[in-house]
Amino acid sequence: MAWEAPGQIVTFPCVTTGLARYRFVNISTAGNVIYTVAAGESIGVIQDGTTGSTVDPTCASVMISGISKVAVSTASTIGVGQTVAASSRGSAVVAIAASYAVGKVVAGTSGGANRVVSVLLSPAGHSTALV
């Protein structure tokens, strides 16, 4: 079962609709929260979904340190101790060479759709060559 131990949660502007909670996110060049690109850097995990628009931006709560629940890609099987990277939709996948390691699984296992695991965050990520 997944659990959380929040470190720091920061609120950022967001103009993208439909960002799902428990996904890795980054900051766009305009300063808004967006999904992390596949194998890219991350600032943390969004804790609530968004409904914003470019006319009426909402704020997104992002856990930038600590242990967060993270959604797992349906294409990935992940277990405790594995280092994870982000998919193109911000969900966790097993980190491979040339991807940014954005955390390590500390509880839970995947194996089906809509699974959530606990991940010790490594915001901004680092090369998997350092893992």
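Phe24, Val84 and Val119 touch the most other members of the largest nonpolar core, which has 14 residues. A nonpolar core here is a set of buried Ala, Val, Leu, Ile, Met, Phe, Trp, Tyr and Cys residues joined through side-chain atoms within 4.5 Å, and buried means under 20% relative accessible area, with exposed over 50% and partly exposed in between (1.4 Å probe, protein chains only). This is a predicted model, in which local features need pLDDT of at least 70 and side-chain atom pairs count only at pLDDT 80 or more, while totals for chains, interfaces and linings use all residues. Residues are numbered from 1 along each chain as its sequence is written, and side-chain values use heavy atoms, with hydrogens and water left out.

- A second, separate core has nine residues, including Cys14, Leu19, Ile46 and Ala60.
- Valine 84 is in contact (heavy atoms within 4.5 Å) with Phe24, Val119 and Tyr100, among others, when its neighbours within four places in sequence are left aside.

**The chain as a whole**

- The chain has zero helices and nine strands; both are DSSP runs numbered from the N terminus, helices being H or I with at least four residues and strands E with at least two.
- Of the 131 residues in the chain, 44% count as buried.
- Among contacts in the chain with a separation of 6 or more, 57% are between residues 24 or more positions apart.
- The accessible surface of the chain is about 6200 Å², and carbon and sulfur atoms hold 57% of that surface; such areas come from the Shrake-Rupley method with a 1.4 Å probe, and for residues only the protein chains shown count as cover.

- Serine 118 lies in strand S9, which covers residues 116-127.
- Serine 118 has a relative accessible area of 0%, so this residue is buried.
- Leaving aside neighbours within four places in sequence, serine 118 is in contact with residues including Ala2, Trp3, Ile67 and Val106.
- Leucine 120 also lies in strand S9, and leucine 120 counts as partly exposed because its relative accessibility is 43%.
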